[in-house]
Amino acid sequence: MAVTKLFQFLLKTTISISNILLIVLTFIVALEVVCRKLFNYSFTFVTALTAFVFPWLVFLAIISVTKNNDHIGVSFFLNKMKGRTKTFFTIFNKVVMLVFSVFMLLSSYKLTVDVVDITIPIIEISRSWLYLSMIIAFLGTSIVLIVQIVGIIRHGNEGETTDDLGHGL
């Protein structure tokens, strides 16, 4: 039960961070546009900061999309199936997603290590902080997928939605 509460807390935290990053991104871009159009002044850091914040926003949101099964194309086809066929293809789909997620996790770790000494101009922070977003996203996605697969195997296709990491969190 404590593990479930920890997962719920971590998932809600990633969603909250994504929302905060969206607000920050919207604010700094809007401020940049207003200052450029009205005052003919441009902030030098906005482009670099946007390039840093946007990937964090997107990659953290991937965890939520995976948890909620919000990938429309896959859900559309799976919802048309019934019984064991649906269960088989749901598990197959999640295993394929898990394999991809693990490969991305390993690749993003290697990339993060490789660029640790390279800094982002203007904001002067290591590029590894940017690519760390991929590590966190694909680690979180892998954990969500493993829990969902186990839930489906244990409870059939209903395990996907009644599981602690399914809809309604």
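Guide: A crossing is left-handed if the near helix is turned anticlockwise from the far one by less than a right angle, and right-handed if it is turned clockwise. Helices (H or I, at least four residues) and strands (E, at least two) are DSSP runs, numbered from the N terminus. The model is predicted, with local features needing pLDDT of at least 70 and side-chain atom pairs counting only at pLDDT 80 or more, while totals for chains, interfaces and linings use all residues. Residues are numbered from 1 along each chain as its sequence is written, and side-chain values use heavy atoms, leaving out hydrogens and water.

Visitor: Which pattern does the protein chain follow, read along the sequence?

Guide: The C-alpha atoms fill a box of roughly 60 × 35 × 35 Å, taken along the principal axes. Within the chain there are six helices and two strands. Taken in sequence order, these elements give the pattern α-α-α-α-β-β-α-α.

Visitor: Are helix 1 and helix 2 roughly parallel or roughly antiparallel?

Guide: Axes are lines fitted to C-alpha atoms, for helices over the stretch in contact, and angles run from 0 to 180 degrees between N-to-C directions. Helix 1 (residues 2-39) and helix 2 (residues 46-67) pack at about 150 degrees, with axes 9 Å apart. Angles under 35 degrees count as roughly parallel, over 145 as roughly antiparallel, 65 to 115 as roughly perpendicular and the rest as oblique. Helix 1 and helix 2 are therefore roughly antiparallel.

Visitor: Is the crossing of helix 1 and helix 2 left-handed or right-handed?

Guide: Contact means heavy atoms within 4.5 Å, and residues of helix 1 including L11, T14 and L25 meet residues of helix 2, among them V53, W56 and L60. The residues of this contact divide into 17 nonpolar (Ala, Val, Leu, Ile, Met, Phe, Trp, Tyr, Cys and Pro), two charged (Asp, Glu, Lys and Arg) and four polar (the others, Gly among them). The crossing of helix 1 and helix 2 is left-handed.

Visitor: Which residues does T14 touch, not counting residues up to four places away in sequence?

Guide: T14 lies in helix 1, and at 14% relative accessibility it counts as buried. Leaving out residues up to four places away in sequence, T14 touches L60 and I63.

Visitor: How far apart in space are T4 and V29, C-alpha to C-alpha?

Guide: T4 is placed in helix 1 and, at 15% relative accessibility, counts as buried. In sequence, T4 and V29 are 25 residues apart, and their C-alpha to C-alpha separation in space is 37 Å.

Visitor: Is the crossing of helix 4 and helix 5 left-handed or right-handed?

Guide: The axes of helix 4 and helix 5 (residues 127-155) come within 8 Å and cross at roughly 155 degrees. Helix 4 and helix 5 are therefore roughly antiparallel to each other, and their contact has 21 nonpolar, nine polar and one charged residues. The crossing of helix 4 and helix 5 is left-handed.

Visitor: Which residues does S133 touch, not counting residues up to four places away in sequence?

Guide: S133 is found in helix 5 and is buried, with a relative accessible area of 1%. When residues up to four places away in sequence are not counted, S133 touches P55, W56 and F59.

Visitor: Are helix 2 and helix 5 roughly parallel or roughly antiparallel?

Guide: The axes of helix 2 and helix 5 come within 8 Å and cross at roughly 0 degrees. Helix 2 and helix 5 are therefore roughly parallel.

Visitor: Is the pair of F43 and F45 tilted or stacked?

Guide: Rings of Phe, Tyr and Trp (its six-membered ring) pair if their centres lie within 6.5 Å, with planes under 30 degrees apart counting as stacked, over 60 as edge-to-face and the rest as tilted. By this rule there are six aromatic pairs. The rings of F43 and F45 have centres 5.6 Å apart and planes at 55 degrees, so the pair is tilted.

Visitor: What is the relative accessible area of F45?

Guide: Y41, F43 and F45 form one aromatic cluster. F43 counts as partly exposed at 21% relative accessibility, and F45 is partly exposed with a relative accessible area of 34%.

Visitor: How many residues apart are F88 and F92?

Guide: The rings of F88 and F92 have centres 6.3 Å apart and planes at 15 degrees, so the pair is stacked. Both residues lie in helix 4 (residues 83-114), and their separation, about one turn of the helix, is four residues.

Definitions and conventions:
Buried < 20%, exposed > 50% of the residue type's maximum accessible area, 1.4 Å probe, protein only.
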